[in-house]
Amino acid sequence: MKPTGDAVARAAVALLGKARIPYVMGGDTLAGMDCQGLIEYCVRQAGGKMSYAGSNDMYRNACEWVGTLAEARARGALIPGAVLFIVERNGGEPAKYKADGLGNASHAGLYTNMDAEVVHSSYSRGCVAASTLQNGWTHVGLLKAVAYGDGGIGDGGDSGDGAGDSTGGEDGEGGGLTGFALTHADTGSTVNMRKTPGGQFMLRIPLGTRVPVMDRQRDCTLTMYDGFTGWVKDEFLWFEHAGSGEDDDGGTGDGPDEGEVPAGDCVEVPRAELEQVAAMFGAWLKE
């Protein structure tokens, strides 16, 4: 059984009542721990199990949902036991992650919602210490290894407010900008971006957002939003009509690769109409 987020948060706060625990790179015990080791130690103390190779690995692979601090507040995902990350665009991520566009998750801590709002193992202070949300934290993650109860964000599909789970798929890299599309859905206020076609959830894109079309695979489109690159299902995109060089399904004119299925119910929208709809959505979202 997974530990609760509250139990993980209590384990983190309990560390502050112990003798000084030094910052030790790669450590995950009371003899010393780094930022990732602290999170894994607290999960173990609460009855769970997890093991990852650093904060960048944890940021990309340990969470069922990751979003910005503002998104987490808006969605009710800033809850006890959530992981906090400092994500920077400084190229400091390991070489194997540089191509994914997710940035460098240089530090991690645990949100507690207690007097010690955040607990982390601080390199600069040299020990486990309390922190606050004002200390540069940029992103929030809900761990797969933790049960957050009603406060967590479950699999709500690719439209609406839910975050999906990981279902696999191969990484795809786009071949450059081929056009634009507008996000839309019949329900909810956002659409989901995923790391791979049909794969792990990354973030949500507000409806009415004009996004670049960088590649097409199966029934998904590779796009970019807020500095992140990922895949959105074609059914949640209205494709801008380029006027020439495109297939009837809104593609790039090259036809599907072997094993690919052309998009089915994609709707092409002339640029003027697209911009008009975007303006309407924008006004609606501000109400």
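Colleague: Which strands does helix α2 lie across?

Modeller: In this predicted model, helix α2, residues 35–45, lies across β4 (83–88), β5, β6, β7 and β8 (139–143). Against β5, helix α2 runs at about 35 degrees. Helix α1, residues 5–16, lies across β5, β6 and β7, and its angle to β7 is about 115 degrees.

Colleague: In what order do the strands of the open sheet come?

Modeller: The six strands are ordered β3-β8-β4-β5-β6-β7, with antiparallel pairing. β3 (63–68) and β7 (127–131) are at the edges with a single partner strand each, so one side of each has no neighbour in the sheet. From one strand to the next, the twist averages 30 degrees.

Colleague: How many bridges join β5 to its partners β4 and β6?

Modeller: Six bridges link β4 and β5 in the antiparallel sense. Between β5 (residues 104–111) and β6 (residues 118–122) there are two, again antiparallel. Y111, for its part, has V118 in β6 as its bridge partner.

Colleague: Is β5 largely enclosed or open?

Modeller: Count its buried residues, taking buried as under 20% relative accessible area. Seven of the eight residues of β5 are buried, so the strand is largely enclosed by the rest of the structure.

Colleague: Is N104 buried or exposed?

Modeller: N104, which is in strand β5, has 7% relative accessibility and therefore counts as buried.

Colleague: Which side chains make polar contacts with that of N104?

Modeller: The side chain of N56 is joined to that of N104 by a polar contact of 2.9 Å. Another polar contact, of 3.2 Å, joins the side chains of N104 and N90. Leaving aside residues up to four places away in sequence, N104 touches N56, I86, V87, E88, N90, G92 and E93.

Colleague: Let us move to β10. Which of its residues lie on each side?

Modeller: The general idea is that side chains in a regular strand alternate between the two faces of the sheet. In β10, T190, N192 and R194 are on one side, with V191 and M193 on the other. Both faces are covered, and these residues are all buried. For the strand as a whole, residues 190–194, that gives five buried residues out of five.

Colleague: How does β10 connect to β11?

Modeller: Five bridges join β10 to β11 (residues 201–206), and the two strands run antiparallel.

Colleague: What is the average pLDDT of the protein?

Modeller: The average is 78, and 74% of the residues score at least 70. Over residues 159–175 the pLDDT is below 50, although this stretch has 66 contacts in the model beyond near neighbours in sequence. Residues 283–287 are also below 50, with three such contacts. Where pLDDT is low, the predicted coordinates should not be read in detail.

Key: Residues are numbered from 1 along each chain as its sequence is written. This is a predicted model: local features need pLDDT of at least 70, side-chain atom pairs count only at pLDDT 80 or more; totals for chains, interfaces and linings use all residues. Side-chain values use heavy atoms; hydrogens and water are left out. pLDDT is the predictor's confidence in each residue, from 0 to 100. Contact means heavy atoms within 4.5 Å. Two strands pair if DSSP finds at least two bridges between them. Helices (H or I, at least four residues) and strands (E, at least two) are DSSP runs, numbered from the N terminus. Axes are lines fitted to C-alpha atoms, for helices over the stretch in contact, and angles run from 0 to 180 degrees between N-to-C directions. Buried means under 20% relative accessible area, exposed over 50%, partly exposed in between (1.4 Å probe, protein chains only). A polar contact is a pair of N or O atoms within 3.5 Å; within protein, one must be able to donate a hydrogen and the other to accept it, and residues adjacent in sequence count only if both atoms are side-chain atoms.
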